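Thanks for coming, everyone. Have a look at the chain on the screen while I talk through a few of its helices.

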Amino acid sequence: MNEILRNTKILEKVVNSVCAYYGIAASRIFSRDRHKIVSDARNIIIYILHKDFKLSISFLSHEFSRSERWVVQLCAVKKQHIFLYKDCSDEYENLLKIIKD
């Protein structure tokens with residue numbers, strides 16, 4: 001039970017921080033909204049939660065109403081983008097600083 005509460009608190013903190021950074025409502029992150037800004041925010045949230053906060057694929061797929069396969073594929077693609085593109089890398093680093101403050 002404590003782990004679920006911990007994961008939920010982490011999820012809430014990351015979602016609120018990233019949404020403030022992008023200037024969007026947190027409710028849009030959990031919707032099926034496919035606007036670029038919403039999907040970009042959703043993707044970086046999922047990547048950060050999995051990579052930096054070690055939340056499981058199954059927890060993330062449940063919270064975001066996506067398949068586990070989708071979450072795994074998203075994390076792999078986001079990892080490549082962060083490695084290959086400086087703007088993605090800079091954005092990722094900025095968001096981590098904001099979240100961890």
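This is a predicted model: local features need pLDDT of at least 70, side-chain atom pairs count only at pLDDT 80 or more; totals for chains, interfaces and linings use all residues.

Residues are numbered from 1 along each chain as its sequence is written, and side-chain values use heavy atoms, with hydrogens and water left out.

Back to Ser-61, which is in helix H4; helices are DSSP runs of H or I, at least four residues, numbered from the N terminus. Is Ser-61 buried or exposed? Buried, because its relative accessibility is 8%; the cut-offs are under 20% relative accessible area for buried, over 50% for exposed and partly exposed in between, with a 1.4 Å probe and protein chains only. Setting aside neighbours within four places in sequence, Ser-61 is in contact (heavy atoms within 4.5 Å) with Arg-66, Ser-67, Glu-68 and Val-71.

Val-71 takes us into H5, where Leu-74, Cys-75, Lys-78 and Ile-82 are buried along with it. They cover an arc of only 100° around the axis, which means they sit on the same side of H5; the arc is taken from the directions from the helix axis to the C-beta atoms. The cover over these buried residues includes helices H3 (36–51), H4 (57–63) and H6 (86–100). On the face turned away, you'll find exposed Arg-69, Phe-83 and Leu-84.

Now H6. Which of its residues are buried? Cys-88, Tyr-92, Leu-95, Leu-96 and Ile-99. Down the axis of H6 they fall within an arc of 105°, so they line one face of the helix. They pack against H1, H3 and H5, and the face of H6 turned away from them carries exposed Lys-86, Asp-87 and Lys-97.

Last, H1 (residues 2–22) packs with H3 at an angle of about 145°, their axes 10 Å apart. Those axes are lines fitted to C-alpha atoms, for helices over the stretch in contact, with angles from 0 to 180 degrees between N-to-C directions. On the H1 side, the residues that meet H3 include Ile-10, Val-14 and Tyr-22; their partners in H3 include Ile-37, Asp-40 and Ile-44.

Conventions. Helices (H or I, at least four residues) and strands (E, at least two) are DSSP runs, numbered from the N terminus.
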